[in-house]
Amino acid sequence: MALLVTSNTQLRNSLAGLGDNVALVPTMGALHEGHVALIELARKTVGKAGCVVVSDFINPTQFNDDEDFKNYPKDVKEDFLIATAAGANILWVPSRDDIYPSEDMNMVKAGFLGEILEGSDRPGHFDGVATVVNRLFELVVPKYAIFGQKDLQQILVIKELIKTNKIPISLIVGPTVRESDGLALSSRNSRLDSHQRELAKKIPVALAQGYDAAVSGARVVDIRQQVREALEHPEIKIHYVELLDDKLETVTNNHGWLLVSVTIGNTRLIDNSFIPLGNLNC
Ligand code: AMP
């Protein structure tokens with residue numbers, strides 16, 4: 001059984017004497033199989049004797065939309081059962097004051113990596129992400145931090161945060177866990193009605209088409225166009241389809257990331273795929 005920790009003092013006391021073999025899995029709760037895979041990866045990383053902390057905090061500073069924040073699914077009891085079954089030692093559910101002790105706390109700036117793609121439609125989102133993750137790191141002081149590939153831009157922002165501030169934490173990335181039809185698991189999927197859920201299938205199909213086009217030597221511009229066409233539907237709003245490198249810049253190397261963001265109904269969904277580019281044709 002994991003320990004349910006709800007304050008910073010309790011967290012400090014629970015971690016005291018455990019040593020430094022600690023892995024942190026930051027989440028906003030509403031845990032699903034994607035989170036479970038990350039918790040299992042954390043356990044594998046620290047071994048039986050290590051400590052796996054799962055944070056469960058819906059971070060207000062990364063939401064631009066009040067409704068989105070208010071409607072974000074929350075079920076701590078269920079999260080506790082899931083985190084326990086997945087092998088976590090601690091489910092940490094901090095209060096807002098634990099994370100933001102003063103109103104005028106300095107926000108960490110995510111910079112260029114946080115200003116494009118998701119960041120251009122959601123200004124300040126990645127500053128919120130960088131700020132909360134930095135704070136989680138300060139409070140837990142983990143040796144490892146585990147994140148999912150599904151949120152690729154988030155990973156790049158956090159990599160930069162770690163590098164710039166020389167934080168002694170190893171970032172470990174877990175692969176995206178998908179439904180049987182390919183849709184990436186997300187806490188937000190529960191907001192899709194059955195018709196919207198059906199439409200959402202187009203996302204993995206489009207990414208797969210982009211992948212196939214890339215391996216058969218298509219030009220970047222044509223890959224993006226094919227993905228857009230595969231997503232085309234009056235009820236799908238496409239925010240972007242981009243093929244970029246690890247720095248979120250134009251691909252010049254032999255691989256890239258195909259990144260997609262759409263809104264179906266009121267639900268914004270993102271996904272991405274690693275793309276090998278044999279002989280790059282820009
Ligand atoms: P969230 O609770 O949505 O903020 O996500 C917490 C962590 O779970 C982040 O590192 C996400 O990238 C990761 N995650 C979310 N969905 C998935 C998924 N389908 N597969 C793997 N990791 C995921």
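1. Let's start with some sorting: Ala, Val, Leu, Ile, Met, Phe, Trp, Tyr, Cys and Pro count as nonpolar, Asp, Glu, Lys and Arg as charged, and the others, Gly among them, as polar. By that scheme, the shell around the ligand divides into 8 nonpolar, 7 polar and 2 charged residues.

2. Keep in mind that this is a predicted model, where local features need pLDDT of at least 70 and side-chain atom pairs count only at pLDDT 80 or more, while totals for chains, interfaces and linings use all residues. Residues are numbered from 1 along each chain as its sequence is written, and side-chain values use heavy atoms, with hydrogens and water left out.

3. Who sits around the ligand? There are 17 surrounding residues, and the closest are His 35, Gly 148, Asp 151, Val 177 and Leu 185 (a residue is near if one of its heavy atoms lies within 4 Å). H2 gives the largest share of this shell, 3 residues (helices are DSSP runs of H or I, at least four residues, and strands are runs of E, at least two, numbered from the N terminus).

4. Now the polar contacts (pairs of N or O atoms within 3.5 Å). A polar side-chain atom of His 35 lies 2.9 Å from a ligand oxygen atom, and a backbone N or O atom of Met 28 is also 2.9 Å from an oxygen atom of the ligand. For Leu 185, a backbone N or O atom lies 2.8 Å from a ligand nitrogen atom.

5. Elsewhere, 3 strands make an open antiparallel sheet, ordered E7-E8-E9 (strands pair if DSSP finds at least two bridges between them). E7 (236–244) and E9 (267–276) are at the edges with a single partner strand each, so one side of each has no neighbour in the sheet.

Key: A polar contact is a pair of N or O atoms within 3.5 Å; within protein, one must be able to donate a hydrogen and the other to accept it, and residues adjacent in sequence count only if both atoms are side-chain atoms.
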